[in-house]
Structures are given as C-alpha cells and as structure tokens.
Amino acid sequence: MDVNQPKQEHLLALKVMRLTKPTLFTNIPVTCEDGDLPGDLLNHLMKDDPSTVKGAEMLMLGEMLTLPQNFGNIFLGETFSSYISVHNDSPHLVKDILVKADLQTSSQRLNLSASSAAVAELKPDSCIDDVIHHEVKEIGTHILVCAVSYTSQTGEKMYFRKFFKFQVLKPLDVKTKFYNAESDLSSVTDEVFLEAQIQNITTSPMFMEKVSLEPSLMYNVSELNTINKDGERLECISYFSTFGTTYLQPLDTRQYLYCLKPKPEFAEKAGVIKGVTVIGKLDIVWKTNLGERGRLQTSQLQRMAPGYGDVRLSLEIIPDTVNLEEPFEITCKITNCSSERTMDLILEMCNTNAIHWCGVSGRQLGKLHPSSSLHLTLTLLSSIQGLQSVSGLRLTDTFLKRTYEYDDIAQVCVVSSKVKAGS
C-alpha cells in the first residue's frame, strides 16, 4: 500500500454516544456581606436564579437536571447502554449497509448488535439507529468496536470501523468471614455463621436494595439482618433493617450476618459436611444517582469445616446449672465419620480437679459401622463451684490402636446445693 495515497473518504458517518441518566444541577452560591460594595445584589440574583431551590438558595443542589458532559464512570454490575447512529452524509444512495458492534474485554469478544441482517439501502440524509445494552461483568479495559460495511452506488465495497475504549471500575469491596458454632446441643449440627463486610468504594452514595445469600444445595440459610416489630405473630410480622437506613455513603462499610444449617438429609451423614464445603454466593443489588441499578454476584464461597477426625463426639443434652457434689447426667453422640471403616470403641473417663465421672471406665462400646452413630448417657458430678468445663473423655479404636481425646466439650454452672439449680 502506498503511504502517500490520500485517505479514502466514506459516504457514511458513524456516531456513538453513551446513554446515561442526567444528574441534578449543582450551583455555586456567591454571596457577600451587606457592608460590601455589592450589598444585597448577589442575594437577590441568587433568589431569581431559576436553577436554585426556592427558599434554600444557599444550598449547592439545584432543581434542574443536566445532561452528562463526559463518558463518566462505569462500574462492575451496571448496565452499559450506548446509542449508535450511521448517517448518510452523501448525496448518493448507499446499499447493503451492515452495522456491527462488538465489545472486546480481556477475556472475550461479545456481539452486541441487535440484528445481523443488512439494510438494503440508505437514502441521502437518512440514518440507521441502534441502541445496545450490556451488563458489565468484568473489571478492566473494555473496547467498543463499531464496524460499518456498505456498497457504494458504483458497486464498490466499503468498510470502516471505530474504537471506543473505557474502563470498568470496582464499585464494592466485599470481604467474608466464617465462624463455626462453638457447640450445638440441638438436633441440627454444623451451624456456620457468615459475616459479609461490604464497602462502597465509589464516589456517590448507594441505596442497598438487596443483600442476600443464596446457599448451596446442602444448606438452609437464616438472615440475621432484620428484626420484627413489637413481637407480633409470625404471619403478620413487619421486618425492619437492623441498620435503620439502607443508604451506604462513599467509603462506608456495612456488615451483614447469616446463619447456615445443613439440611437434615446431609446433617445425618457425618462425612458429607466434612472438609472444604461450598457455602453459597452473595447476591447484591443497589441503585445510584437517579435509580441506576447495579447487581453483583460473588463466586461460590468456601470455608474449611472443622476437622472431626475419624470419630466425632458431640453433646445432645446437658443441663445449664447443676448442684455442687450432686450427680447429673449428660447425653453424648458418637459418630463414625469414616465412610469405609468399622470401629471397635472403648470408652475411658478421666477425672479432672473439678469434674468427676461416675461409672465404669474402660468399658466396651462395641462396633460402630461407617457413617453411623450411637448415643450414651453418662453421669458425673462437680466438687468445685463456678463455671466448670466438662473434660476427660477418651475413645480408643481397638482395630487401629488409636486413641481420641475430648476435652472442653462443654461448660456447666455449678452452684451450692443450698441454691436450687436453674433458679
């Protein structure tokens, strides 16, 4: 190609404009003291200014709307909308016009054109209009590639394209923390608490429309971010946010809390919840400015479940308060977490300074098949008042000659026998 060849002039003109909602006009108040040279002239001019709020002329916020003056920021999760217009600037008829719009990201190229069919002809001073929409799902540089091909009146095939580069920014900073329940004496086991910290890292306030957790197939979730009013009955409860307001100012952080419990069919299978477990994903919906909507979904959240080893011991029943030097009973649940191996268990009970076990230590519990459980009722007493820890249980698998130690299983409040337990 000859570098000195003059640039080819096209018969069509391409215009691309981003579609965004207008913003409220911001006026800058200019005032002075009465003793200054202008006197109260500036104050009167501000009151007569049609862009100010009547009765609140000193506020910077006006009543008028202004159209966007630049491309503006685009945030992850928002919808990018653009208006594409191809105009025939020539006095000639143009045929077979094809307009194609692609969005190039760092990982893929997306076709955003509403139609792939060519327009048969375009008369002089006429145009082809198209509006494209795309929910932005990647951070970083995006390039809108608009290509136009057509046939001139002489039958010559013509083609040109334009590139429009823009950046997609991160609107929210999301951090998650997992907390395993310290103990579980109910029928549901393996409770997990998820704390989500969400920070607004944009320059404008957000209206948090929804922050919910979509659990995985193994879990049920309870949201702990709302309270009911005046203890009304369940079917007519009115729920209110614990935060009082649903607005999140720039750089503000809000914490959301959720409780996850395994579904009954999984809770009964000891080995299913063990190890790395998929918890679910957060679904966040917000609105900015004049109702522009954005939505983000996190990737699947994973937590490392507590390691129970091959044998798990949990307490099913234990009193909160007991009398000093008086026997009380607890009920234990022993589970074989192995999915392949049968165990032959021996139970040993070791006394501590405060807790003393009543019964025969070193007794045979028999064989425990894979993923099965057994319940034991044990008797013990405390010789010291106060909050005492239940410790000293040992389980030995005779097949592998392996001993499992269980200390600090739970705590009980020991009171004097003169004070009734539970009073």
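I call a residue buried under 20% relative accessible area, exposed over 50%, and partly exposed in between (1.4 Å probe, protein chains only). I am working with a predicted model, in which local features need pLDDT of at least 70 and side-chain atom pairs count only at pLDDT 80 or more, while totals for chains, interfaces and linings use all residues. Numbering runs from 1 along each chain as its sequence is written, and side-chain values use heavy atoms, with hydrogens and water left out.

**Entry: nonpolar patch**

I started with leucine 24, which is partly exposed because its relative accessible area is 36%. I found leucine 24 in strand β2 (a strand is a DSSP run of E, at least two residues; a helix is a run of H or I, at least four; both are numbered from the N terminus). Leu24, Leu65 and Leu290 make a nonpolar surface patch of about 250 Å². For patches I take residues with over 30% relative accessible area and no salt bridge, joining like charges within 9 Å and nonpolar side chains (Val, Leu, Ile, Met, Phe, Trp, Tyr) within 5 Å. Areas come from the Shrake-Rupley method with a 1.4 Å probe.

**Entry: negative patch**

Glu33, Asp34, Asp36 and Asp40 form a negative surface patch; Asp and Glu count as negative, Lys and Arg as positive, and His and the chain ends are not counted. I located each charge at CG of Asp or CD of Glu, with NZ for Lys and CZ for Arg. Aspartate 36 sits in the loop between β2 (23-26) and α1 (41-48), and its 39% relative accessible area makes it partly exposed.

**Entry: salt bridges**

How many salt bridges does the structure hold? I noted 13, each a side-chain nitrogen of Lys or Arg within 4 Å of a carboxyl oxygen of Asp or Glu.

Glutamate 191 and lysine 261 pair at 3.5 Å, N to O. Glutamate 191 lies in the loop between β12 (172-180) and β13 (192-200) and lysine 261 in strand β19 (residues 253-262), so this pair ties together parts that are 70 residues apart in sequence. Is glutamate 191 buried or exposed? I have it as buried, because its relative accessibility is 16%, whereas lysine 261 is partly exposed at 33%.

Aspartate 310 and arginine 402 bridge with their closest N and O atoms 2.9 Å apart.

**Entry: cysteines**

With a disulfide taken as a pair of cysteine sulfur atoms within 2.5 Å, I count 0 disulfides. Cysteine 350 is partly exposed at 31%, and cysteine 358 is partly exposed at 32%.
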